[in-house]
Amino acid sequence: MIIRNVTVIDGTGAAPIEDAEVVVTGDRFTEVRPSTPDAAPADGEVVDGRGGYLIPALWESHTHLAGYAASLPEPEQVPYVIRTLADFLAAGITTVVDLGGSLAIDQAVRTQADPGETAELFYAGPVFTGVEGWPMQAHGNPAMARQISDPEQGRRLVQELAEDVDFVKFIYDGEPGAPDKLSRRALHVMVEAAHEAGKKVLVHIRTHADIEDAVAAGADCVEHAPLPSGDDALTEAGKLADLLASSGTYYCPTLVTWEQLGHGGDRGYLAELVVAGIIDEAAARAVAARPGFGRPFPHHPADESMARFRYGMRTLPIMHEAGVKIVAGSDVALMMPSPPLALLRELQLFAQAGLSPAEIITTVTRHAAERIAMPEYTGTITAGSVADALLLDRAPLADLSALSDPTARAATIRQGKVLPRGWRPERDTEA
């Protein structure tokens with residue numbers, strides 16, 4: 001297949017390539033070159049981009065589909081995840097990274113999902129935490145978390161799990177020395193075990209000190225914006241940014257998580273989402289009618305969540321200016337009708353914090369792929385990479401809304417297959 005007459009924004013950070021065409025062979029990009037109007041594949045198709053923009057498809061880098069599914073009746077668990085992966089694909093998000101949940105659900109989804117109808121799923125399976133540590137306090141489900149009481153136990157369990165997952169997730173949250181928090185020694189030993197098994201390590205944190213410990217242990221990414229630290233929090237954030245940049249540690253702030261938890265039960269926030277174009281009035285009413293709307297979220301009080309949101313927004317430019325590799329992920333969709341919308345809101349928040357459209361595209365494509373290191377999934381339009389891309393009618397470097405506005409999306413390319421404008425999974429088409 002040749003995708004012709006496009007401006008290519010390849011995700012590498014290079015300047016856009018105007019009047020280009022992209023060659024796809026099977027499910028891989030094989031060449032990006034100047035347009036050759038007379039050339040045609042001997043046994044394939046030509047897609048006319050009509051002067052549009054071809055960018056790497058989007059990644060959701062922090063979600064918990066298998067975790068939520070585990071709360072459903074067993075017959076509904078796998079179908080829920082598959083349906084939601086189809087919703088992600090319909091939103092132009094071709095890859096979803098699940099940061100903690102039931103391994104059995106994850107494995108069943110990978111076996112049963114149709115790649116042509118769903119986003120790709122990469123997963124951590126159960127997370128590692130302390131004894132009765134977060135998130136055991138919320139769900140108490142041992143299928144979703146491994147509780148670690150000593151470093152050698154942790155090493156053994158990481159080695160066992162690593163064979164079945166794409167990366168490993170640790171929860172490093174709580175008071176130092178308390179049994180519900182992994183010890184520093186356990187964190188170091190377990191990160192080492194994961195790396196020896198060839199797996200990247202993502203670490204959930206709460207404080208600046210947690211980030212410092214995670215970086216010292218060799219974490220590949222820290223998850224969530226931390227609480228402000230001390231009287232001069234911005235100075236401390238600058239030091240933290242330098243640490244993350246110098247160590248090459250990725251940073252996934254999940255700003256939309258803290259925004260939602262900080263506004264729990266606030267109908268005014270729903271109105272703000274309507275104005276922002278993330279949801280419509282009907283969706284706002286549906287969210288407000290949910291039984292759990294406004295109910296306090298366990299472990300993350302609203303005032304603390306709002307502090308983390310505001311601090312994350314203020315410090316994101318500091319992180320970027322220091323050269324930290326920022327990744328876009330949403331974590332929860334408590335105030336959204338569906339998880340894909342939470343990621344699109346995260347991108348809006350990145351823009352509000354001062355990141356440029358080019359920088360934001362990198363957070364949701366190349367950085368997302370690098371962070372978990374699946375070799376063929378690079379988040380770029382380069383030879384050898386899996387052919388996942390978006391064909392847009394509007395220039396995303398000038399108008400970031402082109403990423404979230406379905407009317408701007410002329411097509412989604414998923415593993416070399418073109419899904420035209422307005423594509424929906426088969427269940428929605430039939431409905």
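**Arg-50**

I looked up Arg-50 in this predicted model and found it in strand β4, which covers residues 46-56. Then I checked its backbone: phi of Arg-50 is near 55 degrees, a positive value in a residue other than glycine. I made a note of that because most residues other than glycine have a negative phi. Is Arg-50 buried or exposed? Its relative accessibility is 73%, so I put Arg-50 down as exposed, the cut-off being over 50%.

**Asp-331**

Next I turned to Asp-331, also not a glycine, and read a positive phi of about 75 degrees. I traced Asp-331 to the loop between α12 (302-322) and α13 (339-353). With 13% relative accessibility, Asp-331 falls under the 20% cut-off, so I wrote it down as buried.

**Trp-134 and Pro-135**

I then went looking at peptide bonds, knowing that most are trans. The bond that joins Trp-134 and Pro-135 is cis, with omega about 10 degrees. Where is Pro-135? I found Pro-135 in the loop between β8 (127-129) and α4 (136-139).

**The cavity**

I listed the residues that line the largest cavity, among them Ala-57, Trp-59, Thr-94 and Thr-95. The lining also includes Glu-376, Tyr-377, Thr-378, Gly-379 and Thr-380, as well as Ser-385, Val-386 and Asp-388. Sorting the lining by type, I got four nonpolar, six polar and two charged residues.

Note on methods:
Residues numbered from 1 in each chain as written. Predicted model: local features only at pLDDT ≥ 70, side-chain atom pairs only at ≥ 80, totals over all residues. Heavy atoms only, no water. 1 Å grid on protein atoms, 1.4 Å probe; cavity = no way out; pocket = protein on both sides within 12 Å on 5 of 7 lines; lining within 4 Å. Nonpolar A, V, L, I, M, F, W, Y, C, P; charged D, E, K, R; others polar. Helix = DSSP H or I, 4+ residues; strand = E, 2+ residues; numbered from the N terminus. Buried < 20%, exposed > 50% of the residue type's maximum accessible area, 1.4 Å probe, protein only.
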